[in-house]
Amino acid sequence: MPRQDEQKPLPARATYPPPQPEGLSPALMRNIQTLQERRSAADRDASMQERVAEAITRFTGSMTFVCLHVVLFGFWSLVNSGLLPILPKWDESFVILGTSASVEAIFLSTFVLISQNRMAAAADKRADLDLHISLLAEHEVTKLVAMVSAITEHLGIETEADPEVGELRQDVAPDAVLDEIERNGGS
């Protein structure tokens, strides 16, 4: 007869993994979610000035903006050239239109540059992350090559890669690679 402090094990229940989208591994889904969260955080952390510049840039890069300008400039041109006599001419020489368009271009180019600076900063962060991951992967692969090489040597197995193993076992020094690229005029 079992004692009171001993409990019967619960029957095993079948567990099923959550459904995954076709072709995407859980690690890939986790990475996608992490990237989305990072981008959302970056958007939340953007200053009011950056958000305004981004919104203006997004609008000015739309077909709505183009259509608005076609209508506005077309109307202005038709009225001031006398082809649409519903209103009196107010800018027969089109100086006001030219000046307005020039001022608008100055401001729009500034907003675009602000947005590009923000995008460049994000791209720099991603490039740094890519470099870090690549260096980490290179280091890990180098260690794996050393381990597999030691195993093949211990077992006395010869492979086609044996002549290259010595070179593959060496860790890559990123500063040396960058120095060599700079010496050879690369960017």
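Of the 187 residues in the protein, 9% are buried, that is, under 20% relative accessible area, with exposed meaning over 50% and partly exposed in between (1.4 Å probe, protein chains only). This is a predicted model, in which local features need pLDDT of at least 70, side-chain atom pairs count only at pLDDT 80 or more, and totals for chains, interfaces and linings use all residues. Residues are numbered from 1 along each chain as its sequence is written, and side-chain values use heavy atoms, leaving out hydrogens and water.

The protein has six helices and zero strands. Helices (H or I, at least four residues) and strands (E, at least two) are DSSP runs, numbered from the N terminus. The order along the sequence is α-α-α-α-α-α.

Start with Arg-118. Its salt bridge with Asp-43 has the closest N and O atoms 3.4 Å apart; the term requires a side-chain nitrogen of Lys or Arg within 4 Å of a carboxyl oxygen of Asp or Glu. Arg-118 lies in helix α4 (residues 95-155) and Asp-43 in helix α1 (residues 26-45), so the pair ties together parts 75 residues apart in sequence. Glu-50 also meets Arg-118 in a salt bridge, at 3.9 Å from N to O. Glu-50 lies in helix α2, so this pair joins parts that are 68 residues apart in sequence. Glu-54 forms a salt bridge with Arg-118 too, with the closest N and O atoms 3.6 Å apart. Glu-54 is likewise in helix α2, so the parts tied together are 64 residues apart in sequence. Arg-118 is partly exposed, at 22% relative accessible area. Asp-43 is partly exposed at 46%, and Glu-50 at 29%.

Helix α2 (residues 48-60) also holds Thr-60. Thr-60 counts as buried, at 18% relative accessibility. Thr-60 touches Phe-65 and Leu-108, leaving aside residues up to four places away in sequence; contact means heavy atoms within 4.5 Å.

Now turn to the annotated spans. An unreviewed UniProt entry lists residues 65-87 and 93-114 as "transmembrane region"; such annotations may be inferred rather than shown by experiment. Residues 65-87 are 70% helix and 0% strand, with end C-alpha atoms 24 Å apart. Residues 93-114 are 91% helix and 0% strand, and their end C-alpha atoms lie 34 Å apart.

Phe-75 sits in helix α3 (residues 63-80). Phe-75 is partly exposed, at 33% relative accessibility.
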